[in-house]
Amino acid sequence: MEDWLTSAARARPDHPAVVAGGAAMTYAELDERATYVARRLAGQGMGAGERVRVSHPPGIAFVELVHAVPRVGAVLEPFPPGDPPEPPAGDGFGPNGGPRVAPGRDADALLRFEHDPHAVHTVIYTSGTTGEPKPVELTFANHAASAAASADALGVDPDDRWLCPLPLHHIGGLAVLIRSAINHTTAVLHERFDAERVKRTLEAGEVTLASLVPTMLVRLREAGLRSAPGLRTIALGGGPIPAGLLDWAADTGIPVTPVYGMTETCSQIAAGSPARPLRGAELRIGPGGEILVRGPMVAPGETAPDGWLHTGDLGRLDAQRRLYVEGRLKELIVTGGENVAPLEVEQVLLAHPAVGDAAVTGRPDPEWGEAITALVVPRERTDPEQLRDWCRERLEPHKVPKRIDLVDSLPRSPGGKLLKGRL
């Protein structure tokens, strides 16, 4: 498999590869910089199969390493900025996971511009929404298949500019960089999500695509986003979509495509509302309602002996094979002998005009086994009993929260995912 950046630099040398921090870099410039960094890595002894810890802030230096590391046959292992595990002593790397300043020997003969499709390209850690993050090994073939499937679902234009305010050490953000290189288009990076800045970017018509999680789109709605000229769609994933958010987007003229995926599927595996599997992906519902997936974008080390990735998500398929995601299997609440998916209750609460954020969990209870408990961040003055009345009107009796607590905030990851394990 040809090196993605090599192909892009040959096909579109003067086209912007990345825009970040007020600067832009063309594919020819990025290719030159990635080769320079790769030489230094090789000169410092980095080689085939070794993991290179990268913890730079989202920006051009990070992008250079994304493309340099494979050129020495090493494996990219991104971490949150400034927070990687300490590398072993003497491995030639500085305290932030990047190469030291001292130049290494000239190592052109060691550089690679062709890659084994089945070799590991990246080790990405899951977001740890329900437990400890785990490492997932993604191959060159996984990334290529994911990019092709995403392009098939969302389309590709030569002048695409894909906005990414997501963390680059998670797959949702990193996939934007890799897709852009594969498609020879432009990645627009924001160091962090800032609703006003993203709003200005969208309203100025500076991008054609964007990747956001639902909480980010909620913040844009609250910031008064009213238009996004030239925007083809927002790929919206990474968590449940609050009731009414898609209706607001449609009424405002903001194009949104809900996407479903995870680290183990190299980002997207299904798209649309309701979702349909992307090209090359297969979905089925296993025992207990668990969503099972397989396809060329699925990390080979994550499949079960039956050949399927067991996602841990609850869902169902309708007669047209469209997917409805209903929450996490391990989060299922058993109350009074009845199963309740927290997502259903959360969506009802989020539809209330006074609710800004909500999470539902089960609290041990001697009578019910588990009592449904809701944590609500109010956007305006409200009363828990009023919220329970709202739920009674919209839910079966056994799904109504036994208790609703008002809180200032909910634990979320840097990418906006709810950290259920911390509730």
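This dialogue walks through selected features of a predicted model.

Visitor: What should I know before reading the numbers?

Guide: This is a predicted model, where local features need pLDDT of at least 70, side-chain atom pairs count only at pLDDT 80 or more, and totals for chains, interfaces and linings use all residues. Residues are numbered from 1 along each chain as its sequence is written, and side-chain values use heavy atoms, with hydrogens and water left out.

Visitor: Which residues of helix H10 are buried?

Guide: Terms come before the case. Helices (H or I, at least four residues) and strands (E, at least two) are DSSP runs, numbered from the N terminus. Buried means under 20% relative accessible area, exposed over 50%, and partly exposed in between (1.4 Å probe, protein chains only). In H10, residues 384-392, the buried ones are Leu387, Arg388, Trp390 and Cys391.

Visitor: What covers the buried residues of H10?

Guide: Contact means heavy atoms within 4.5 Å. The cover includes helix H9 (342-350) and strands S20 (355-365), S21 (369-378) and S22 (403-406).

Visitor: Which atoms come together at the start of H10?

Guide: A polar contact is a pair of N or O atoms within 3.5 Å; within protein, one must be able to donate a hydrogen and the other to accept it, and residues adjacent in sequence count only if both atoms are side-chain atoms. At the start of H10, a side-chain oxygen of Asp383 comes to within 2.9 Å of the backbone nitrogen of Glu385.

Visitor: What is the order of the strands in the open sheet?

Guide: Two strands pair if DSSP finds at least two bridges between them. This open sheet of three strands runs S20-S21-S22, with mixed pairing. S20 and S22 are the edge strands, each pairing on one side only. From one strand to the next, the twist averages 25°. Axes are lines fitted to C-alpha atoms, for helices over the stretch in contact, and angles run from 0 to 180 degrees between N-to-C directions. S21 and S22 run parallel, joined by four bridges. Ala374 has Ile404 in S22 as its bridge partner. H10 packs on the sheet and touches S20, S21 and S22, its direction making about 135° with that of S22.

Visitor: Where does H9 lie?

Guide: H9 lies across S20, S21 and S22, at about 145° to S20. Seven of the nine residues of H9 are buried, so it is largely enclosed by the rest of the structure. Among them are Pro342, Glu346 and Leu350.

Visitor: Which side chain makes a polar contact with Glu344?

Guide: The side chain of Lys399 does, at 3.0 Å from that of Glu344. Lys399 sits in the loop between H10 and S22. Its relative accessible area is 10%, so Lys399 is buried. Beyond neighbours within four places in sequence, Lys399 is in contact with Val340, Glu344, Val345 and Ile372.

Visitor: How do I read a helix crossing?

Guide: A crossing is left-handed if the near helix is turned anticlockwise from the far one by less than a right angle, and right-handed if clockwise. Helices H3 (residues 60-68) and H5 (residues 171-183) cross at roughly 65°, their axes coming within 11 Å. Their crossing is right-handed. Phe62, Val63, Val66 and His67 of H3 meet Leu174, Leu177 and Ala181 of H5.

Visitor: Which backbone angles stand out?

Guide: Most residues other than glycine have a negative phi, and most peptide bonds are trans. Cys266 is not a glycine, yet has a positive phi of about 60°. Ser267 also has a positive phi, near 90°. At 1% relative accessibility, Cys266 counts as buried; Ser267, at 10%, counts as buried too. Cys266 lies in the loop between strand S11 (256-262) and S12, whereas Ser267 is in strand S12.

Visitor: Which peptide bond is cis?

Guide: The bond from Ser273 to Pro274 is cis, with omega near 0°. Pro274 is in the loop between strands S12 (267-271) and S13 (276-277).
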